[in-house]
Amino acid sequence: MLVFRHVREIKDPNGERTIRHRFDRVASTKANVDFECIFTIGGVKYDLSSWANAHPGGAAVLKNYNGLDATSAFERVGHSPYAYKLLTRFALRRDKDKAANRTSELVDVSKGKVQVSTWRKKIFTREDPKQIHKCCGLFVLLHFAFRYYQMLFGDVSAGFGSRASRGANFTAILCLLPHLVLSLSSLIFHSVPKERIVGQPMIWKEFRLHSIIFSLRSIVCTFCGWMSVYFHHDPRVRKAMVVVSSASILLANYAADKATEALAPSNSESTTATMPYWEGCRLSTQRRFKSFYAYCQFLATLACLTISNPAWPFAVLLPIQLAAFLMTMCRKGLITGRSYHISYTTSLMLPYIVATRDMNYTRTPDVVVMFVIGSLLYRLRCLGVNKYILWVPMVVLRVFVGDRLISFAVW
């Protein structure tokens with residue numbers, strides 16, 4: 001059917017069972033591949049075929065070096081002491097002693113250092129020689145801190161509104177440019193694997209493209225809210241901005257679907273439902289995380305669609321851009337999977353605090369209504385209702401009757 005997708009027909013990524021609830025799916029645990037990944041590093045032969053899918057750089061990289069000497073490539077990347085010690089496990093039997101001796105020479109266990117690697121090589125890579133992405137990332141982190149401080153303790157609209165009738169602030173909207181550059185410049189990193197990495201929440205190409213798409217959606221909607229304020233909610237400008245922001249909702253969903261079609265290795269996986277968790281994390285805990293993540297995604301979309309407080313779309317931009325950063329740190333071995341989920345969950349909770357303060361400031365039910373609608377949409381989606389069946393009517397209602405129900409003039 002067009003409206004309902006039978007959730008019970010979704011297959012487990014591990015191919016072991018049939019799923020009856022979308023959040024019962026778990027991340028794939030298949031680390032082995034069906035092709036050989038045997039290569040030489042420092043005169044020692046290693047066979048990583050049984051672990052290739054867990055390689056942070058992706059299995060395809062290992063496959064490309066099959067039968068070759070990968071010494072220079074391995075050392076150039078800047079692997080951690082743990083990676084050097086892990087590599088010893090995969091040495092061919094005849095080279096076990098040689099591999100252990102080589103690892104002990106390269107790794108100073110007492111100091112936790114590798115002769116050929118430092119944390120700086122992980123952060124400052126050759127793919128970003130001018131450090132444009134890093135500079136934008138630093139600005140973005142500081143900018144989020146500043147705007148959230150405003151939303152929590154000062155101007156609820158974070159400078160994107162009229163600022164108590166002082167008029168719209170050009171500086172605020174210009175500060176969105178580094179957010180845009182940060183997302184788009186992530187495409188320069190060609191080492192990001194196409195396939196999803198087994199065992200840890202590490203960045204991969206599908207997720208990166210999703211992050212770019214939904215970041216652009218938040219930026220566009222923040223700009224639309226600011227434009228409405230700048231022109232003092234002129235009816236024609238207001239209507240145009242509502243149409244643009246509403247269209248960006250549907251376009252973002254469509255673009256994300258196309259990205260998944262082009263880059264997802266399997267239709268049994270999804271960016272949220274099959275996210276890896278830390279070792280020992282119970283399935284019930286995973287399901288709670290997944291449910292919260294999914295509900296927040298619906299609220300983030302509604303925050304962008306509403307065009308009330310222009311800071312709402314910006315507030316939900318934080319977890320979108322932070323998730324990609326945290327996944328990159330996890331891929332580089334600088335944080336753990338548990339740290340990722342705790343940090344990401346914390347970032348998702350901050351907009352709720354902002355929404356509560358917004359509600360106390362405006363004394364209107366807008367936020368409560370948004371929470372109720374988000375819950376309804378989330379429940380229908382869990383039942384398998386097609387997301388376009390959910391969002392197209394919401395967009396149509398927003399364009400034609402939304403401003404009669406929303407208290408936007410206060411901003």
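A: The crossing of helix 11 and helix 15 is right-handed; a crossing is called right-handed if the near helix is turned clockwise from the far one by less than a right angle, and left-handed if anticlockwise. The model is a predicted one, in which local features need pLDDT of at least 70 and side-chain atom pairs count only at pLDDT 80 or more, while totals for chains, interfaces and linings use all residues. Residues are numbered from 1 along each chain as its sequence is written, and side-chain values use heavy atoms, with hydrogens and water left out.

Helices here are DSSP runs of H or I with at least four residues, numbered from the N terminus. The axes of helix 11 and helix 15 (residues 366–382) come within 9 Å and cross at roughly 130 degrees. Such axes are lines fitted to C-alpha atoms over the stretch in contact, and angles run from 0 to 180 degrees between N-to-C directions. Helix 11 and helix 15 are therefore oblique to each other; under 35 degrees counts as roughly parallel, over 145 as roughly antiparallel, 65 to 115 as roughly perpendicular and the rest as oblique. Ala, Val, Leu, Ile, Met, Phe, Trp, Tyr, Cys and Pro count as nonpolar, Asp, Glu, Lys and Arg as charged, and the others, Gly among them, as polar.

Another partner is helix 10 (residues 235–263), which packs with helix 11 at an angle of about 155 degrees, the axes being 8 Å apart. That makes helix 10 roughly antiparallel to helix 11. Arg238, Ser245, Ser246 and Ile249 of helix 10 meet Thr301, Cys304, Leu305 and Thr306 of helix 11. Here the classes are three nonpolar, four polar and one charged.

The largest nonpolar core has 73 residues, and Met151 and Leu302 have the most contacts inside it. Such a core is a set of buried Ala, Val, Leu, Ile, Met, Phe, Trp, Tyr and Cys residues joined through side-chain atoms within 4.5 Å, where buried means under 20% relative accessible area (1.4 Å probe, protein chains only). Helix 11 (residues 283–306) supplies the largest share of this core, twelve residues. Leaving aside residues up to four places away in sequence, Leu302 touches Met370, Ile373, Gly374, Leu377, Trp391 and Met394.

Terms used. Buried < 20%, exposed > 50% of the residue type's maximum accessible area, 1.4 Å probe, protein only. Helix = DSSP H or I, 4+ residues; strand = E, 2+ residues; numbered from the N terminus. Contact = heavy atoms within 4.5 Å.
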